[in-house]
Every structure is written in C-alpha cells, then in structure tokens.
Amino acid sequence: MKQTTFNFKARFAAAVVNGAKTSTIRLFLKTTPPRKGDRLKCFTGMRTKRCRRLLQPICQECLRIKVTEKQIVLGKRHLTVAEENQLAVNDGFANAAELRTFFRSTYGFPLPGKPHWVSWH
C-alpha cells in the first residue's frame with residue numbers, strides 16, 4: 001500500500017478535520033496519483049513550525065479531472081451543473097463557480113500536470 005501526503009491550505013484545514021471536505025483536486029506535477037485503498041496523510045502548514053497532521057484516511061477513489069471555464073469532466077463523464085456544484089462543496093468551496101475562480105487564479109487554465117480528483121472516507 002502506497003502513502004500519499006497532502007498539504008492543505010489553512011482555509012481548508014477545519015473542513016478536512018470535521019469531514020465537510022472529503023475530496024481534493026491535485027495536479028500531480030512530479031508524483032503519481034494514489035490508488036483506491038492507499039493511505040493518505042493530510043497535513044496543514046507543512047515545512048513550517050505550525051505543521052499539523054489532520055487525518056490519515058484511505059483513498060476511496062482517484063480519477064482524472066479536467067476543469068475549464070465551462071465544464072468539469074471527471075474520468076470520462078461530463079458533470080451536470082448540479083454534480084459540479086456537489087463536487088465543489090465536497091472539495092470545500094461554496095459552489096463550482098468559486099472552485100473555478102480558485103483554480104483559475106491559483107494555477108490558470110488549462111490546469112498543469114496530471115490533475116486528479118481524490119476522495120476519501
């Protein structure tokens with residue numbers, strides 16, 4: 001079983017701990033995505049004095065994701081507007097528009113690397 005470590009921004013830490021955030025979108029620029037059943041180590045503040053472990057859940061699913069201005073494709077499925085919003089809420093955003101704004105301003109479109117959606121339980 002592989003272990004993958006994720007560092008979450010402070011704004012997402014409480015949602016990870018209390019179970020409101022059950023997924024994350026990661027770019028995997030240099031590493032390989034986890035597989036179903038792998039252990040995930042979730043931290044906030046890595047490489048700082050305030051580093052704190054949040055959770056150590058098991059990866060439930062890991063799928064390629066494409067996020068653009070107009071659509072979200074998860075695996076090979078184009079999500080409906082309702083599905084996009086639910087994915088965004090599970091990822092710690094108010095809705096899909098807020099998710100898009102975050103990724104556009106942080107990384108730009110198209111997203112670099114090999115973007116994957118990772119969920120846990």
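Hello, and thanks for having me. What you see above is a predicted model, so please treat everything I say as a description of that model.

Let's begin with the overall layout. The chain has three helices and eight strands. If you walk along the sequence, the order is β-α-β-β-β-β-β-β-α-α-β. The C-alpha trace spans about 40 × 30 × 25 Å along its principal axes. For 121 residues, a compact globule would have a radius of gyration near 14 Å, and this chain agrees, with 14 Å. Of those 121 residues, 40% count as buried. Now take the contacts between residues at least 6 apart in sequence: 66% of them join residues at least 24 apart.

Now to helix α3, which covers residues 96-106. Which of its residues are buried? They are Ala 96, Leu 99, Arg 100, Phe 102 and Phe 103. Looking down the axis of α3, you find these buried residues within an arc of 160 degrees, so they line one face of the helix. Here is a handy rule for your notes: an α-helix has 3.6 residues a turn, so residues three or four places apart point the same way.

What does that buried set pack against? The partners are α1 (10-18), β2 (23-26), β5 (59-67), β6 (72-74) and α2 (81-90).

Both ends of α3 deserve a look.

Next, the aromatic rings. How many aromatic pairs does a search of the whole structure find? The search finds nine. I'll show you two of them.

One is Phe 6 with Phe 28, an edge-to-face pair at 6.5 Å centre to centre, with 65 degrees between the planes. Phe 6 belongs to strand β1 (residues 3-8), while Phe 28 is in the loop between β2 and β3 (39-44), so this pair ties together parts that are 22 residues apart in sequence. Phe 6 is buried, with a relative accessible area of 2%, and Phe 28 is buried too, at 7%.

Another is Phe 93 with Phe 103, a tilted pair at 6.5 Å centre to centre, with 50 degrees between the planes. Phe 93 lies in the loop between α2 and α3, and Phe 103 lies in α3 itself, so the pair ties together parts that are 10 residues apart in sequence. Both Phe 93 and Phe 103 are buried. They also belong to one aromatic cluster, together with Phe 12, Phe 102 and Tyr 107.

Some rings have charged neighbours as well. Lys 21 lies over the face of Phe 12, at 4.8 Å from the ring centre. Over at Phe 8, the charged end of Arg 26 sits above the ring, 4.8 Å from its centre.

Let me finish with Thr 80, found in the loop between β7 (77-78) and α2. Is Thr 80 buried or partly exposed? Thr 80 is partly exposed, since its relative accessible area is 42%. From Thr 22 it is 58 residues away in sequence and 20 Å away in space, C-alpha to C-alpha.

Key:
Residues numbered from 1 in each chain as written. Predicted model: local features only at pLDDT ≥ 70, side-chain atom pairs only at ≥ 80, totals over all residues. Heavy atoms only, no water. Buried < 20%, exposed > 50% of the residue type's maximum accessible area, 1.4 Å probe, protein only. Helix = DSSP H or I, 4+ residues; strand = E, 2+ residues; numbered from the N terminus. Arc of directions from axis to C-beta. Contact = heavy atoms within 4.5 Å. Phe/Tyr/Trp six-rings, centres within 6.5 Å; stacked < 30°, edge-to-face > 60°. Lys NZ or Arg CZ within 6 Å of the ring centre and 35° of its normal. Rg over C-alpha atoms; globule rule 2.2 N^0.38 Å.
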